[in-house]
Structure formats: C-alpha cells, structure tokens
Amino acid sequence: MTEPAVTEAAATDTARTAPSPGCPPPHPAPRKPALALPPGSCDAHCHIFGPAAVFPYAPDRTFTPLDAPKEQLAALHSHLGLTRAVVVQSSANGSDHRVLLDALTAADGRLRGVALIGEATTRGEIEELHRAGVRAFRLNFLPHLRAAPTREEIDSVLERVDGLGWGAELHVTGQEVADFARLIRSLPGRVVIDHLARVDITEGPDSRALRALLALLDTGDVWVKVSGVDRVSRQGPPYADAVALAASLVAYAPERALWGTDYPHVNIEGGTPDDGLLVDLLADIAPDSDQLHRLLVDNPAEFFDFPKEPEGQ
C-alpha cells in the first residue's frame, strides 16, 4: 500500500510545479547579436526562477514558471554581451526573497535586485536585501498577478524602506498609467514604469495612456523601461510597431529610459522571443551611440546604484 501513496504524492508534486500556460521554455537557440554592446551593459529587467526543489514557489502564486536558475541567466548574458543585470523578484516567489538573495550574493556586485515587499516583510529583512544589492521595490497592478495594492499598503512599504534610497517600480497596463497618474506623482523618489507601460499600441500615438506616460516623464522623477516590445507589439517579430514606440520614448527622455530582456518571458502569448533579436533591436531603439551607452550603462548605473565603472574594466 505504500507504493501507490508515494506515487500519488509524486504526481501531486509534479502537477503543482508543472508550468502554467503562457510559460513556454526559453528560446532554444538565441542568436548571437550583431550589435556590439558597450562595456558594462545592463539587462535592467530579468527574472530568476528556482530550481523549485531548492527555492519553492509561493503557494498562493497565480502562475507556475519553468525553472530558470541563476546559472542559466548568467550563460545567456554572456552569450548576449551583457555584464550587469537587475533581477526582479517575481510574484511566483512572492515576498520570499531567498532565490533573489542567493543570486545577488553569488554575483560579486554584477547584479542588483528589485524586491516584493509583503505585509510580513520586516525592516531587518529589508536591510538585508539592501546589503545584498536590492535598490527598488515593485508594485504589481496587473490582475493576473494580484489585486492592485491599496494606498495603505503602498504607504506601509514606503515607511519600511524609508532612508534606503530605493526606487519604486510599477507594473501597470496602459490605461492604469493614466488612472494612477496622481498616485505615481505622489510617490517619493524615482519611479520606473515597466514594459512600455504595456500600452495598447493600436490606440495610436495620441492615446490617453501615452499622453499620461509622457506627462509623467516630464516630471523628471518618472522613468520608463523600454523592455517588452514582444508583449506590446501587434505585428510579431521583429516587433516594428513596438520598437518604434520604444525609440520614441528613448528620444523623448534619453536620461530616464532603461532596457531589459524580460527573460525568461513568463505569462506571454505565442512563442518565446529570441533574446539575441531583442538585443539587435537596440540598434533601432537607441540608434545613436550616446543614447545606447546611456540606455545600457549610465541610466541603470544611476537608478540601481551600480559602481561607476564595470568591474575588471
């Protein structure tokens, strides 16, 4: 009678960690980018998942990713020519930051982190995250990840990170960047909007969402990540419509734009993008060499408090 019970338990565990729809494997053979990146280039938005056997996913998560451990991410960055990165804590791990701390500790200063501060996260835990290299906290407003945080929850986070100089990273949809514009303006310090604000690109350049995003950029305190062209595009690879939007934002606020791969691309529709292609698209997103250096080196160094010069340079 023991054997069936063990088999049933194993089957239950496998089902619990099986990847969700929309979480395909990484691209099997990302191309080697033709674009030569400046030294110290940073992937300012990527994730690390698992291995789940070591760093279990949160029981209340809304999706289950495939494992994408730190070694896998490091190998990709080496292939792409990226020497720094910002690892964003995923809602799949919730406020259990062990996987993030493990990666930051092993990285010798090459990584920075973005935390998810939960109701039970103590100031002591936050200070540990800061020592390890966390320099921002993320607020998720997308319903497939969690209910939007209340003002009281946001104020609680702000109180606990006070004095550390952390930025706020907001994950919103296009309409929400307009709906929450007043809240965004009220946040102290730097704020960065993820993934082109996930605007509906079919609404055109004069949409309410884009007008709100540009007005926020005009404040001087709000930044934008021109990552996620594959999420925003309605044309598919090479994502010309979204690349044009990203390029317009870099031209509009070159000193407050960041870029990242979004690896390993969870909660997506269709196939996994080729990260080598995403790098090569930077030639169109930031066509001027000064723009490219600012986007990949200077801006992430400023926002995420990297050393002025890359290690080993």
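This is a predicted model: local features need pLDDT of at least 70, side-chain atom pairs count only at pLDDT 80 or more; totals for chains, interfaces and linings use all residues.
Helix α3 spans residues 98–106, and its buried residues are Val-99, Leu-100, Leu-101, Ala-103 and Leu-104. The helix lies across β2, β3 and β4, and its direction makes an angle of about 165° with β3. Helix α8 also packs on the sheet, where it touches β6 and β7 (222–225); its direction makes about 125° with that of β7. Just after α3, Asp-108 takes a positive phi of about 55°.

The sheet itself may now be considered. It is an open sheet of eight strands in the order β1-β2-β3-β4-β5-β6-β7-β8, and the pairing is parallel. Its edge strands are β1 and β8, each of which pairs on one side only. Within the sheet, β2 and β3 run parallel and are joined by four bridges. Ala-85, for example, has Leu-111 in β3 as its bridge partner.

Which residues of α5 are buried? In this helix of residues 151–161, they are Ile-154, Val-157, Leu-158, Arg-160 and Val-161. Seen down the helix axis, these buried residues fall within an arc of 165°, so they line one face of α5. The buried residues of α5 pack against α4, β4 and α7 (181–186). On the face turned away from this buried side, α5 carries the exposed residues Glu-152 and Glu-159.

Glu-153 also belongs to helix α5. A polar atom of the Glu-153 side chain lies 2.8 Å from the backbone nitrogen of Thr-150. Glu-153 and Gly-118 are 35 residues apart in sequence, and their C-alpha atoms are 8.8 Å apart in space. Just after α5, Gly-163 takes a positive phi of about 90°.

Most residues other than glycine have a negative phi, and most peptide bonds are trans. Arg-198 lies in the loop between β6 (191–193) and α8 (208–217), whereas His-265 is in the loop between β8 (257–258) and α11 (275–280). Are these residues buried or exposed? Arg-198 is partly exposed, with a relative accessible area of 23%. His-265 is buried, with a relative accessible area of 0%.

Cis peptide bonds are also present. One joins Gly-50 and Pro-51, with omega about 5°; Pro-51 lies in the loop between β1 (42–46) and α2 (70–80). Another joins Pro-237 and Pro-238, where omega is also about 5°. Pro-238 is found in the loop between α9 (229–232) and α10 (240–252).

Technical notes. Residues are numbered from 1 along each chain as its sequence is written. Side-chain values use heavy atoms; hydrogens and water are left out. Helices (H or I, at least four residues) and strands (E, at least two) are DSSP runs, numbered from the N terminus. Buried means under 20% relative accessible area, exposed over 50%, partly exposed in between (1.4 Å probe, protein chains only). The arc is that of the directions from the helix axis to the C-beta atoms. Contact means heavy atoms within 4.5 Å. A polar contact is a pair of N or O atoms within 3.5 Å; within protein, one must be able to donate a hydrogen and the other to accept it, and residues adjacent in sequence count only if both atoms are side-chain atoms. Two strands pair if DSSP finds at least two bridges between them. Axes are lines fitted to C-alpha atoms, for helices over the stretch in contact, and angles run from 0 to 180 degrees between N-to-C directions.
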